Amino acid sequence: MFSKSVEKEFQELLSRYPSKRSALIPALHIVQRELGHLTDEGVEYVAGLIGLTKAQVFEVATFYLMFFTKPVGKNVLWVCHNLACDLRGAEEIIEHLEQKLDIRVGGTSADGKFTLLRQECLASCDTAPVMQVNEDYEENLTIERIDRILEKLKNKPFKDRRAKR
């Protein structure tokens, strides 16, 4: 299911933990990185690797917002819409992103580059409004800044992981 280098990565991961179960979340991160989201096959693979049932792995995977069980775009945009961000324009930013990307919150752009999501709190109230782009924070957002971020991301080449399946 995975390349030899990824298989080696799983084995190295398991060797770092006295209990295989402790490697569950990092193993799920590897699967998601490789496949773009947690497929049934990926969850089953991790279950066998760790010694858990598929249901036990799926319970953990669906508890955390960072794991996706359906395909998402290459760039996942989480816009904070808690009080501080909302007071400083989060709704306008969300509306602007929906218009620019031609998607609604929860959707993925036709080219597979963007998924737009709301996040209750990104814990960066002093730099509101804020958006998490994949693993990075973009703070003190304005419409102009959003446009620059999108342009940079649109021009960044990427491998469409969805083509693997």
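# Exercises: loops, a helix and a sheet

Tyr64 counts as partly exposed because its relative accessibility is 32%, where partly exposed lies between buried (under 20% relative accessible area) and exposed (over 50%), with a 1.4 Å probe and protein chains only. This is a predicted model: local features need pLDDT of at least 70, side-chain atom pairs count only at pLDDT 80 or more, and totals for chains, interfaces and linings use all residues. Residues are numbered from 1 along each chain as its sequence is written, and side-chain values use heavy atoms, leaving out hydrogens and water.

**Exercise 1.** Find the loop that holds Tyr64.

*Solution.* Start at helix α4 (54–63) and go on to strand β1 (75–80); the loop between them contains Tyr64. Helices (H or I, at least four residues) and strands (E, at least two) are DSSP runs, numbered from the N terminus.

**Exercise 2.** Which residues of helix α3 are buried, and what covers them?

*Solution.* Step 1: go through residues 40–50, which make up α3. The buried ones are Gly42, Val43, Tyr45, Val46, Ala47, Leu49 and Ile50. Step 2: recall that an α-helix has 3.6 residues a turn, so residues three or four places apart point the same way. Step 3: look at the cover, which includes α1 (4–15), α2 (24–35) and α4.

**Exercise 3.** Locate Asp102 and Asn140, and say whether each is exposed or partly exposed.

*Solution.* Step 1: Asp102 sits in the loop between α6 (90–101) and β2. Its phi is positive, about 55°, although Asp102 is not a glycine. With a relative accessible area of 70%, Asp102 is exposed. Step 2: Asn140 belongs to the loop between β4 (136–138) and α7 (143–154). Asn140, also a residue other than glycine, has a positive phi near 50°. Its relative accessible area of 43% makes Asn140 partly exposed.

**Exercise 4.** Where is the cis peptide bond that involves Pro129?

*Solution.* The bond joins Ala128 and Pro129, with omega about -10°. Pro129 itself is in the loop between β2 (114–119) and β3 (131–133).

**Exercise 5.** What is the order of the strands in the open sheet, and which strands stand at the edges?

*Solution.* Step 1: the 4 strands follow the order β2-β1-β3-β4, with mixed pairing; two strands pair if DSSP finds at least two bridges between them. Step 2: β2 and β4 are the edge strands, each having a single partner, so one side of each lacks a neighbour in the sheet. Neighbouring strands are turned by 25° against each other on average, direction ignored. Step 3: check two pairs. β1 and β2 run parallel and are joined by 6 bridges, and Leu117 in β2 is the bridge partner of Trp78. β3 and β4 run antiparallel with 3 bridges, and Met131 stands opposite Glu138 in β4.

Methods: Contact means heavy atoms within 4.5 Å. Axes are lines fitted to C-alpha atoms, for helices over the stretch in contact, and angles run from 0 to 180 degrees between N-to-C directions.
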